[in-house]
Amino acid sequence: MMNIRDLQYLTVLADELSFSRAADRLNISQPTLSQTVRKLERLIGGPLVERTTRRSRLTTAGETLVEGSRQLLADLIRLEQVTRDAAAGRTAALRIGAVNPAMRLLMPRILSSVRAEVPDVRMTLHPMNSHTQLRQLIDGQLEAGILRSRSTPPGLAVDTLMDEPLYAAVTSSHPLATRGLASIADLNDEDFIMAPRDRNPAFYDELLRLVTDSQCSPRRIVEADDMWAQLAMIGAGAGVAVLPLLFVDHTRDDITFLPLDRKLGLGLPLVLVYAPNSPTAALTAVRRAARAEAEHLLEASSRQSTEP
């Protein structure tokens, strides 16, 4: 069986194409290097190096083995680093999922805080709906996910980040736009812009229940595929919406977001879900930052809703 040291010797020989220079670089004798190459050739069943008096050359088999050896040696270096990270409580890569509304403010703040606390962590961010996140968390394709769900599957842990305040979202030319506050009943007989039910059936049903319980009857439901499409249609005057805090963007001049009664709330809180058997420094930092940034957003929204 080939061993790592023999492959290392061969890759150095491939770099130098000279037994004498390669032996000097490896700090071994030329006979030792020659014996190593002959041993590999016996294992392979054919020549790896064509020797001449002036210069050596790799055969096709030699080039193939050297290419694979370089990849193997690089993988070993990465494996060593990953193992060191694990031993130190770090993770070499942290895959985080998040619902689209969290992408605008919440996730940039969380990632910034985590990078400051664990600067060597490599993070990837994946926008996806709540159901897909839960499936990928179960399958081990994500380490953490920010989503809306009432229940968590067995084997996963959850931190509740917030019960999002609700807002009425109307085009800035809407009669309600000049008011500081609104009620859901004020939106009676309007076209409601909503994401398709299959994106998160529980969230969709909870929102419609809340609207109905507030003595509001939408004229019709207009589906918009995602957050950005919903906001575009509201800004264009195609309908109104009841939206959670993460949708709110007070910098837009085409949409007015009116706070609704703080006692109103959906039964689906915003949560951070993760595998409880992954107590890495990076995941701990994500949990801490998510709670802090969610609290910060709630405090800011509370101040805005009480300003005259």
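Reader: At the start of H1, which residue's backbone nitrogen does a side-chain oxygen of Asn 3 reach?
Author: First, this is a predicted model: local features need pLDDT of at least 70, side-chain atom pairs count only at pLDDT 80 or more, and totals for chains, interfaces and linings use all residues. Residues are numbered from 1 along each chain as its sequence is written, and side-chain values use heavy atoms, leaving out hydrogens and water. Helices here are DSSP runs (H or I, at least four residues), numbered from the N terminus, and a polar contact is an N or O pair within 3.5 Å, with one atom able to donate a hydrogen and the other to accept it; sequence neighbours count only if both atoms are side-chain atoms. At the start of H1, the Asn 3 oxygen comes to within 3.2 Å of the backbone nitrogen of Arg 5.

Reader: How far does H1 reach from its first C-alpha to its last?
Author: H1 covers residues 4-16, 13 residues in all.

Reader: Which residue takes a positive phi just after H1?
Author: Look just past the end of H1 for this one. The phi there is about 55°, and the residue is Leu 17.

Reader: Is Asp 6 buried or exposed?
Author: Asp 6 sits in helix H1. Beyond its neighbours within four places in sequence, Asp 6 is in contact (heavy atoms within 4.5 Å) with Thr 36, Lys 39 and Leu 40. The cut-offs are under 20% relative accessible area for buried and over 50% for exposed, with partly exposed in between (1.4 Å probe, protein chains only). Asp 6 has 0%, so call it buried.

Reader: How is H1 set against H2, parallel or oblique?
Author: H1 and H2 (residues 19-26) have axes 8 Å apart and an angle of about 130°; axes are lines fitted to C-alpha atoms over the stretch in contact, and angles run from 0 to 180 degrees between N-to-C directions. Under 35 degrees is roughly parallel, over 145 roughly antiparallel, 65 to 115 roughly perpendicular, and the rest oblique. That makes H1, relative to H2, oblique.

Reader: And at what angle do H1 and H3 cross?
Author: On the H1 side, Arg 5, Asp 6, Leu 7, Tyr 9, Leu 10 and Leu 13 make the contact, and on the H3 side Leu 33, Thr 36, Val 37, Lys 39 and Leu 40 do. The axes of H1 and H3 (residues 30-44) come within 10 Å, and the crossing is at roughly 110°.

Notes: Helices (H or I, at least four residues) and strands (E, at least two) are DSSP runs, numbered from the N terminus. The expected span of a helix is 1.5 Å times one less than its number of residues.
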